[in-house]
Amino acid sequence: MSYMNPSMGSGSRTARRALEFGRTYVVRPKGKHQATIIWLHGLGDNGSSSSQLLESLSTPNIKWICPTAPTRPVAMLGGFPCTAWFDAGELSDDTTDDLEGLEASVAHIANLLSTEPADGKFFTMSWYILCILCLKIFCRNVRNKIEGSHEAVRCAASLPILLCHGKCDEVVPYRYGERAYHVLSSAGFRNLQFKAYDGLGHYTVPKEMSEVCNWLTVRLALEGLRR
């Protein structure tokens, strides 16, 4: 599927081109299908590697959908092209937000979920640098809209969110994880949990993934984990 979106090669956001999303991989539930989760890979990765990781998890009742982002120039990589859900700038507050790129990815994700059961349970998960960048965009563009809507405030208060961050992350400093937690909390997200991991860098470990699986099982009211 393609979308018309800005091209952000060297900082210019005026040229437009069609963004082609890559292949979507699906890890089907090994037991009863009780929930569907969209897994968004990190910068430069793809849905294939995500699906290989998720195949190994003890989540027999979850269907994992692993899309692949378009290949585009990424500002934080000096304009080097790689797979990215939107043009990712630096984590500082003075960079320009790629709202159109983000909206195109949101539309793509919504389309992937359009064939799922209407009464299903849905979650979206992502690697942390993508999460932090999305939160930065949220802080500057969406927060005021949520605060101005009673329905949005109610939904935010009940939406379960789990943030996990390694204290030795050399790519996304740990302070950004703490900041993300406080920003979401102050914006009205009450069903929020932040887990810190001593000695963990910019990668995942079995302990973290096990705790994520347990969290999903509880929040989605799934049947017990496969042992």
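Let's start with helix H1, residues 47-55, in this predicted model. Which residues of H1 are buried? They are Gly-47, Ser-48, Ser-50, Ser-51 and Leu-54. These five sit on the same side of H1, because they cover an arc of only 160 degrees around the axis. And what do the buried residues of H1 pack against? Three strands: E3, which is 25-27, then E4, and E5, which is 62-66.

Have a look at the start of H1 too. There, a side-chain oxygen of Asn-46 comes to within 3.0 Å of the backbone nitrogen of Ser-48.

Now let's follow one of those strands, E4, which covers residues 35-40. Strand E4 pairs with strand E8 in the parallel sense, over five bridges.

Is Ile-37 buried or exposed? Its relative accessible area is 0%, so Ile-37 is buried. Among the residues Ile-37 touches are Ile-62, Trp-64, Phe-123, Met-125 and Leu-220. Take Phe-123: Ile-37 and Phe-123 are 86 residues apart in sequence, yet 4.7 Å apart in space, C-alpha to C-alpha.

That brings us to E8 itself, residues 122-126. Phe-123 and Met-125 make up its covered face, while Phe-122, Thr-124 and Ser-126 are on the uncovered one.

Technical notes:
Residues numbered from 1 in each chain as written. Predicted model: local features only at pLDDT ≥ 70, side-chain atom pairs only at ≥ 80, totals over all residues. Heavy atoms only, no water. Buried < 20%, exposed > 50% of the residue type's maximum accessible area, 1.4 Å probe, protein only. Helix = DSSP H or I, 4+ residues; strand = E, 2+ residues; numbered from the N terminus. Pairing = 2+ DSSP bridges. Contact = heavy atoms within 4.5 Å. Arc of directions from axis to C-beta. Polar contact = N/O pair within 3.5 Å; in protein donor to acceptor, adjacent residues only side chain to side chain. Lists of a residue's contacts leave out its neighbours within four places in sequence.
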